[in-house]
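Please keep the sequence and the coordinates at hand while reading.

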Amino acid sequence: MKSFLDEQFLLHNETAVKLYEDYAKDMPIIDYHCHLSPQEIYENKTFGNITEAWLYGDHYKWRLMRANGIEEQYITGGEGVTDYDRFLAYAKTVPMMIGNPLYAWSHLELQRYFGVYEVLNESSAPGIWEKVNAKLNSEGFGARDLITKSNVTVVCTTDDPCDSLEYHLKIQEIEGFDTAVLPSFRPDKGLELNRDTFIEWVGKLSQASGTAISDYDSFLSALESRVEFFHSVGGRVSDHALDYVPYGKATREEAAAIFAKALAGHQVSREEEDKYKTVTLTFLGKLYAERGWVMQFHMNAARNNNSRMFAQLGPDTGYDAVNDTPLSSAMIGLLDALEQEKALPKTILYSLNPRDNEVLAAIVGSFQGGGIPGKIQLGAAWWFNDTKDGMLAQMRALANVGLLSRFVGMLTDSRSFLSYTRHEYFRRLVCNLIGEWVEQGEAPHDMELLGQMVQGIAYNNAKEYFPFSASLKKVSASQS
Ligand SMILES: O=C(O)[C@@H](O)[C@H](O)[C@H](O)C(=O)CO
């Protein structure tokens, strides 16, 4: 029987161990989608204790604590509740997490960042609290230190087009910090024209772009100026949350009329919304293609389901779920609208519903081309799929229908600076999956070929795929 989280964790055959140890383990990380705060990175934020690092913003942990019957004030904080109280509440929940990736992630983080190899529970909590906090309060445990320690060459944060990117610019001035921290252009608030944030957001866009927005054309030119600004700061990625995939063939004039209706404060119909989103996404896709950007679609999330708690805590607080809207024909329509004009950018398609894996993997195959390896990507297992089963299902679907060897690999999608162990977890799964194929005679025991495949999925494919600046930390010869 293997001991818990030992060196061969998730590696169940010799080939897997060799692939991980000799090829995957030491590869750098490109974290091309996350929710880290550029300000905290710039300020090299330090964490007074493990509760601050673990429980101040991680809704994955909050969700499981609720499921374990922990009172809300010990999860997201409350009157008279100390950070130690919250840590104890988490320590009480951890033993109940067996089978959930957070059980492994939490212990991997304790091992990799703090040298703690004990299992976390209520009885070990006091000692672990002391040991971890002593480290967190010592030199080298600030946000930037943790990024550097994790061998991360690129971090792509998630940013609103109206954002000043002040901290991205300031980070570029920091001597000796090699990681590129780049903005991702996330214009969801400009697409969601039925939401109560739309009109105010258009006003913010006008201010940020210096463009008077009186109609759809001026709105689009304001968006274009912000794309250009993000590009000037090193941004090369966009990101769209499509909780359902819209598609409605329409002219620019039709979209303009719908835009005007929404800007006047009127609700638009679903048909009008689809038309507006189709024309606007097509416009944006062309901008991305012109600049060589990568366009990401995060689809089929069902967000903020608990209206009482949404009113109390806001979004991204652990009350989301998986949507099950059909997406195939709309997705094809959107991609084809761009392809028709030879303006389809590199694109990554993520669905939160694993039922869509094969659907998207097949759609991906319909739009490859342009001489670009893996131009269209089946997105990494995301959010509720960021699990052993979810990652394997996504990789198997991609391997069955497309080219796993061209996959740009994992991302943390996290708000915590300790989450880079998710890449280790993923790399171990990749090596074991390929190792199994070799041991079962389904792939040749050609370590050079397999090592190249593993290093590609771990890092090199992303390095080639994302047109980030040459300011990336140079990967040593043995790793490239
Ligand atoms: O980018 C998204 O929309 C999601 O990743 C969302 O932000 C969610 O809160 C998350 O971080 C899941 O990991």
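L242 stands opposite M299 in β5. This is a predicted model, in which local features need pLDDT of at least 70 and side-chain atom pairs count only at pLDDT 80 or more, while totals for chains, interfaces and linings use all residues. Residues are numbered from 1 along each chain as its sequence is written.

Strand β5 covers residues 294–299 and runs parallel to β4, to which 6 bridges join it. Strand β4 (residues 237–242) also pairs in the parallel sense with β3 (residues 180–185), over 2 bridges; two strands are taken to pair if DSSP finds at least two bridges between them.

Altogether, the chain has 20 helices and 9 strands. These elements are DSSP runs numbered from the N terminus, with helices (H or I) of at least four residues and strands (E) of at least two.

The ligand is surrounded by H35, A241, H298, D316, W383 and D413, a residue being near a molecule if its C-beta atom, placed from the backbone, lies within 6 Å of it. This shell divides into 2 nonpolar, 2 polar and 2 charged residues; Ala, Val, Leu, Ile, Met, Phe, Trp, Tyr, Cys and Pro count as nonpolar, Asp, Glu, Lys and Arg as charged, and the others, Gly among them, as polar.

Most residues other than glycine have a negative phi. N151, however, has a positive phi near 60 degrees and sits in the loop between α8 (143–149) and β2 (152–159). K342, with phi near 50 degrees, belongs to the loop between α16 (328–339) and β8 (346–351). N151 counts as partly exposed because it has 17 C-beta neighbours inside 10 Å, whereas K342 has 10 and therefore counts as exposed. By this scheme a residue with 20 or more other C-beta atoms within 10 Å of its own is buried, one with 12 or fewer is exposed, and one in between is partly exposed, with C-beta atoms placed from the backbone.

Of the 480 residues of the chain, 46% count as buried. The C-alpha atoms fill a box of roughly 65 × 60 × 45 Å along the principal axes.

As to confidence, the chain averages a pLDDT of 96, and 98% of the residues score at least 70; pLDDT is the predictor's confidence in each residue, from 0 to 100.
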